[in-house]
Amino acid sequence: MKKKTGDPHCEKKIILTGGGTAGHVMVNVALIPKLKELGWDIVYIGSHQGIEREIIGRIDGVPYYSVSTGKLRRYFDWKNFKDPFNVLKGVWQAYRLIQKEKPDVVFSKGGFVSVPVILGAWLNGVPSVIHESDLTPGLANKIAMPFATKICLTFPETKQYVNADKAVYVGAVVREELKDGNAEQGRKMCQFDGKKPVLLAMGGSLGSKKINDALRANLSTLLAEFDIIHICGKGNIDRSLAGQKGYKQFEYVNEELPHLLALADIVVSRAGANAIFELLSLRKPMLLIPLSKAASRGDQILNARSFEKAGYAEVLMEEDLTNESLQAAIHRLYENKDRYRKNMEKAGASDPLQTLLAIIQDTARR
């Protein structure tokens, strides 16, 4: 039966959720144009002030609703006593929104805002699909997974950590527009003369102080060999380095990213799953500096080791990060770039986006 969604040709409605970092949004960004092509009515539920509001707000035709959420911390913080009530409030808000919107399915990319939405879907009897990026599930997804209908995996090894009856190996969903980058356009953005290879350094959507500081501490040495693109995170521009020849800083990039990636010869990056699979799809040799266990649950370390074992990446542990080790790792990466590219070319040529779309359509209530 056709749903009354305001579009006479639309037969299905989906609610997308996920946020906190760009990695918890970008798969949704990749899905939205495909869902529109298939005639789906799309609604997004995110947090009040998360990066997802900014990213989704740029997309026409996708209403955005916000719900209350709280960070579920593994360490002592007085906010731990308040945030469970914020989550409960978010569950009630999500329940009411889902009751009003009557979606056929909910799709979650994770992050703490997704917990109330998945619970709200379960309370309404609406099926849901979760996509887990990392090799081991994050805390938010661990809480939400028992209430989900399907759990889609990026790494095949993840199956041992989740309910096998719900799990489906899909792989990494990569935004198609990343493959449309133009290196010459990227060179013009950065005002590089093209005489040196290009190193791109990035620390995730929120930036990485450790990578920023290490790169800048070695800037003069590295600039002797490379032109450098530095995506340093919001509020992390170093004004004293503005105008430095061969060095271009960005806080955060969106439309520019495909062109900057096309220009890059090698990449220094954190080891968030979405980012490293995007680099894999573009065959970009990468030096991964995963978040340490002192600052995370260790998921990036597992991601990085998996890529290292497959021959896709050089890995430098954050605890081993020094001026000397960074320079040596970058030089090794550049010297062996062709070997890394050949290894990446052997990666499977499946289409995770189409697989994920099929799972979403199959899970949607009839």
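Modeller: The buried residues of helix H10 are Ala273, Asn274, Ile276, Phe277, Glu278, Leu279 and Leu280, where buried means under 20% relative accessible area, exposed over 50% and partly exposed in between, with a 1.4 Å probe and protein chains only. Helices (H or I, at least four residues) and strands (E, at least two) are DSSP runs numbered from the N terminus. This is a predicted model, in which local features need pLDDT of at least 70, side-chain atom pairs count only at pLDDT 80 or more, and totals for chains, interfaces and linings use all residues. Residues are numbered from 1 along each chain as its sequence is written, and side-chain values use heavy atoms, without hydrogens or water.

H10 covers residues 273-281, and seven of its nine residues are buried, so the rest of the structure largely encloses this helix. After H10 comes Arg283, which has a positive phi, near 60°.

Now the strands. Strand S2 (residues 40-46) is mostly covered, with seven of its seven residues buried. Trp40, Ile42, Tyr44 and Gly46 point one way from S2, while Asp41, Val43 and Ile45 point the other way. In a regular strand the side chains alternate between the two faces of the sheet.

S2 pairs with strand S1 (residues 12-17) in the parallel sense over six bridges; two strands pair if DSSP finds at least two bridges between them. Lys13 has Asp41 of S2 as its bridge partner. From S1 the chain passes through helix H1 (residues 26-37) to S2, in a β-α-β crossover that is right-handed: with the strands pointing away from the viewer, the path from the first strand over the helix to the second runs clockwise.

S2 also runs parallel to strand S3 (residues 64-66), joined by three bridges. Here Ile45 stands opposite Tyr65 in S3. The chain goes from S2 to S3 through helix H2 (residues 51-56), and this β-α-β crossover is right-handed.

A further set of six strands forms an open sheet in the order S10-S9-S8-S11-S12-S13, with parallel pairing. Its edge strands are S10 (247-250) and S13 (313-315), each pairing on one side only. Neighbouring strands of this sheet are turned by 20° against each other on average, direction ignored; axes are lines fitted to C-alpha atoms, for helices over the stretch in contact, and angles run from 0 to 180 degrees between N-to-C directions. Strand S12 (residues 286-288) runs parallel to S13, joined by three bridges, and Leu288 has Val315 of S13 as its bridge partner.
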